[in-house]
Amino acid sequence: MPEIVKTAAMIIARDLKTLRSAAKSLGALGLVPTMGALHRGHLALVAAARAAGQPVAASIFVNPLQFGPNEDFLAYPRDEDGDLAALAAAGCDLVWLPDVATMYPPDSASTITVAGPALRWEGEARPGHFAGVATVVAKLFGQVRPAAAYFGEKDWQQIQVISRIVADLLLPVSVVPVPTMREDDGLALSSRNRFLTPTERLTAPKLYAALSGAAAMIRQNGDVEPALARARMAVTAAGMTPDYLALVAASSLEPLAALTGPARLIVAARLGRIRLLDNVPVR
Ligand code: AMP
């Protein structure tokens, strides 16, 4: 018999049997996939899932497949006790904590690669990253079988990639985007922000300020290139190194030279050892 552990009415599942029996007993679920080290941004996803009136499952899995060989998989922050307490307090009903062997059994031989919205930006900067994301999310959907899944707009390109696989593979799940949760000074919450030095922490909000300024300029006079150039200069002058800062079509992530439809300003910039990501809507 699978052992079902309950803390304050929250079920903690560490094996597939427990997960499936808990998911079945709860009914149509809203799923919040995470890599843990939870902050208010993650909890906003739980709140959005709860607000839809369904039971909520969260998953915590630091997915080795989406980290490159020189990235921070081993150093990625982990805080299982803190995460479980935060999820229980947020009213989560079920937490799925698979280990690597459950997620990737030795005989597994399938990965999902995505073209289209996965090709540029993070796809270029982090080869293999979106294949790792697409594969783990598809597996999570197969394991939890949620009716809806909640993702943060903080990772705009990721949402478009996941929406693409859901559409392409006809997966029976609705993808629900949730707006980015920010600190009072505008910095988008991220599990990696804890690694910013005090000086870097003072610099980091200038990324959002530069994006917001460029978005306002584009909305006002439609001049895309000067707005982007100015924002890149502001980011660089603040001491950050942009990997990219671009206006893109909201779904396809193709670069735009003019505001012709729904668009997003996206940025990735390095600040010391940390890579910051952010984006804002333009229209
Ligand atoms: P992660 O644990 O970084 O993989 O993120 C798990 C989920 O939380 C993803 O859907 C992220 O987009 C989302 N998320 C991360 N940071 C934020 C934030 N500041 N606001 C809203 N959602 C976020």
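Residues are numbered from 1 along each chain as its sequence is written, and side-chain values use heavy atoms, with hydrogens and water left out. Because the model is predicted, local features need pLDDT of at least 70 and side-chain atom pairs count only at pLDDT 80 or more, while totals for chains, interfaces and linings use all residues.

**Ligand shell**

The ligand has 17 residues around it, of which His-42, Gly-152, Asp-155, Met-181 and Leu-189 come nearest; a residue is near a molecule if one of its heavy atoms lies within 4 Å of it. By class, the shell holds eight nonpolar, seven polar and two charged residues. In this scheme Ala, Val, Leu, Ile, Met, Phe, Trp, Tyr, Cys and Pro count as nonpolar, Asp, Glu, Lys and Arg as charged, and the others, Gly among them, as polar.

| Residue | Protein atom | Ligand atom | Distance |
|---|---|---|---|
| Gly-152 | polar backbone atom | oxygen | 2.9 Å |
| Asp-155 | side-chain N or O atom | oxygen | 2.6 Å |
| Met-181 | backbone N or O atom | nitrogen | 2.8 Å |

On its own the ligand has 490 Å² of accessible area, and the protein covers 92% of this (Shrake-Rupley method, 1.4 Å probe).

Strand 3 (30-34), helix 2 (40-51) and strand 6 (148-152) each supply at least two residues of the shell. Helix 2 gives the most, with three residues. Helices (H or I, at least four residues) and strands (E, at least two) are DSSP runs, numbered from the N terminus.

**Thr-34**

Thr-34 lies in strand 3. Its relative accessible area is 9%, so Thr-34 is buried (under 20% relative accessible area, 1.4 Å probe, protein chains only). Leaving aside residues up to four places away in sequence, Thr-34 touches His-42, Ser-59, Ile-60 and Phe-61 (heavy atoms within 4.5 Å). A polar atom of the Thr-34 side chain is 3.0 Å from the backbone nitrogen of Gly-36.

**Helix 1**

In helix 1 (residues 16-26), the buried residues are Thr-18, Leu-19, Arg-20, Ala-22 and Ala-23. Their cover includes strand 2 (10-13), strand 5 (94-96) and helix 6 (129-144). The N-terminal end of helix 1 is capped by Asp-15, with a side-chain oxygen 3.2 Å from the backbone nitrogen of Lys-17. Just after helix 1, Gly-27 has a positive phi of about 90°.

Definitions and conventions
Polar contact = N/O pair within 3.5 Å; in protein donor to acceptor, adjacent residues only side chain to side chain. Buried < 20%, exposed > 50% of the residue type's maximum accessible area, 1.4 Å probe, protein only.
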